[in-house]
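I opened the file today to look up a few local features. My notes follow in the order in which I took them.

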Amino acid sequence: MDLKQNSEVQHSETMQETYSRNPEKPWAKHPVIYEINTWVWLEELSRKYQQKVNLSSVPPEEWDKIAMLGFDAVWLMGVWERSPAGIEISMRNKGLLEDFNRALPDFSAEDNVGSPYCVRNYVVDDHLGGPQGLAAARAMFRDRGLRLILDFVPNHVAIDHPWVTEHPEYLVQGNADDAKKDPNSFIESGGKVFACGRDPFFPAWPDVLQLNAFAPGLRHAVIDTLTDVAGQCDGVRCDMSMLMLNKIFERTWGNRAGTKPAEEYWATIIPAVKAKYTEFKFIAEAYWDLEWELQQQGFDFTYDKKLYDRMEHQDAESIRQHLLADRSFQEKSVRFIENHDEPRAAHTFTGGKARAAAAVILTLPGVKLLHEGQFEGRKVRVPVFLARRPEEPVDQDLLAFYGRLLKGVNHDVFRNGEWRLCERSGWPDNQSYLRLLTWCWVKGEERFLVVINFSQETAQALVHMPWEELGEKKWRLKDVLSEETYDRSGSELLNSGLFVNLEAWKCNLFQVLAL
């Protein structure tokens, strides 16, 4: 994963920049987060070093490779204790077994270590190094100026979670008739019948039980759980967060949930945790146009799946229209082109489109979420149940591109500056400007202009920068991706605009420097 393995000087410079970040300072306004499938990653390190590697024994140079890429935080996905009962259930699920064999043609039962979203306990799994291992990893991150993100699953727990026997009132319950009529959605345990966890648009998940968002006792227990988690990391990515909204939960569960509380679930939980950990961040996996509502209830950032869908299926103008949304909403959005739930970007965005899409997300406001394996061009989406993944060839050209792109955006202006869309225009006989995405960043004297051709045809345009201070000065536009430079007068840029001519899927990342 060492994007700069052939350049010791570049490595040293980047390390100095990264290490200068102080994790005691406030979060960056627009952070970059790196997701790692923890179990798979540690298994590969164990093979690489020919010895068991867990979170407490990861060689420092592996943390260095991550830090030098300029991230603000690392999301260690899947560290909590997994459910043996959940593994047994999954091994009887024909659809899951087909998925396992698709990803791993030589799959065997030992490869299934259970879903990280079938949590038996919010304690770091012993296989990964336990709580001491996590503490060691966090110390390594802090030494390198990185913050740590972990998972939280609000909607459900494993069927062998302690709450099932100790606090059955925290769960949605049914009766014997439910278990008899719908055994795929209700499970009997300890003389009680519990509802399996679900998304209202899909069949129930047979390996988990549904928590009751309306139960007062549950809300207090979740506050205690998350407060404990907050002592171990710097933020949580909350799985399927919108399922716990009052209106969604009531629609899904009706009378089984009991009386709807006056206060929303997240509006109760988030302030209580932040009362002790003020810098702790809540990130919502969210869909169904409920992102704004979740932001209003306290989430610092919410998934922007709509942008992903527009990049996959629509054109540049559709993406631009999406980016006209309220500025505060934009700044709280999580941009991505892959994560553990989505297909690999190299599979979805083929050819040059993968690079253009990467340039889009890494130069927009809000959180930028990147996924381990994305830079190398991995194409196989690995089910989260699996302990290993297949070997795949590294796309060296894509790897080199990400190296240039990550270095290009490793400036404070992209983390804490102000972002604005730029206008672009064409000519009566040439409307190809509609294929271009254009925006800019500014912080103090630091300025960047981004131009991306999000199409499979060449495009020309005049790009208009919203900087009156360009004045009569001379300016140098340095493309940090290609190292090409262009000198222009401020009056020309203000009056006429910057002429650009970009081939399909190409992008310019101009650093704008006064001469």
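**R320 and its surroundings**

I began with R320, which touches L421, C422, E423, R424, L437 and T438, leaving aside residues up to four places away in sequence. The model is a predicted one. I placed R320 in helix 14, residues 316–322. Is R320 buried or exposed? Its relative accessibility is 6%, under the 20% cut-off, so R320 counts as buried. I then looked up its side-chain partner: a polar contact of 3.4 Å joins R320 to the side chain of E423.

**Aromatic pairs**

I searched the whole structure for ring pairs and got 29 aromatic pairs. I noted F280 and F282 as edge-to-face, because their ring centres are 5.4 Å apart and their planes stand at 80 degrees. F280 and F282 are both buried.

I also wrote down Y287 and Y303, an edge-to-face pair with 6.4 Å from centre to centre and 90 degrees between the planes. Y287 sits in the loop between strand 11 (281–284) and helix 12 (291–296), and Y303 is in strand 12 (residues 301–303), so this pair ties together parts 16 residues apart in sequence. For accessibility I have Y287 at 17% relative accessible area, which is buried. Y303 is at 2% and is buried as well.

One cluster went into the notes: ring pairs link Y34, F71, F375, F401 and Y402.

I turned to open space next. The largest pocket has a volume of about 870 Å³. Its lining has 26 residues, and those closest to the centre are L96, W205, D341, V384 and F385. Helix 4 (84–90) and helix 5 (94–103) each give at least two residues to this lining. By class I have 14 nonpolar, five polar and seven charged residues around the largest pocket.

**Cavities**

How many cavities of 30 Å³ or more does the structure hold? I found three.

The largest cavity holds about 100 Å³ of space. I listed its lining as N37, V40, H340, R344, H371, E372, V380, R381, V382 and R389. That lining divides into three nonpolar, three polar and four charged residues.

The second largest cavity has a volume of about 50 Å³. Its lining is I33, W75, R237, I283, Y303, V334, V367 and L369. I sorted this lining into seven nonpolar residues, no polar ones and one charged.

How values were computed. Residues are numbered from 1 along each chain as its sequence is written. This is a predicted model: local features need pLDDT of at least 70, side-chain atom pairs count only at pLDDT 80 or more; totals for chains, interfaces and linings use all residues. Side-chain values use heavy atoms; hydrogens and water are left out. On a 1 Å grid over the protein atoms alone, a cavity is a set of points where a 1.4 Å probe fits but cannot get out, and a pocket is an open set with protein on both sides within 12 Å along at least five of seven lines; lining residues have an atom within 4 Å of a point. Grid points are joined across faces, edges and corners, and a volume is the space filled by probe spheres set on the points. Helices (H or I, at least four residues) and strands (E, at least two) are DSSP runs, numbered from the N terminus. Ala, Val, Leu, Ile, Met, Phe, Trp, Tyr, Cys and Pro count as nonpolar, Asp, Glu, Lys and Arg as charged, and the others, Gly among them, as polar. Buried means under 20% relative accessible area, exposed over 50%, partly exposed in between (1.4 Å probe, protein chains only). A polar contact is a pair of N or O atoms within 3.5 Å; within protein, one must be able to donate a hydrogen and the other to accept it, and residues adjacent in sequence count only if both atoms are side-chain atoms. Contact means heavy atoms within 4.5 Å. Rings of Phe, Tyr and Trp (its six-membered ring) pair if their centres lie within 6.5 Å; planes under 30 degrees apart count as stacked, over 60 as edge-to-face and the rest as tilted.
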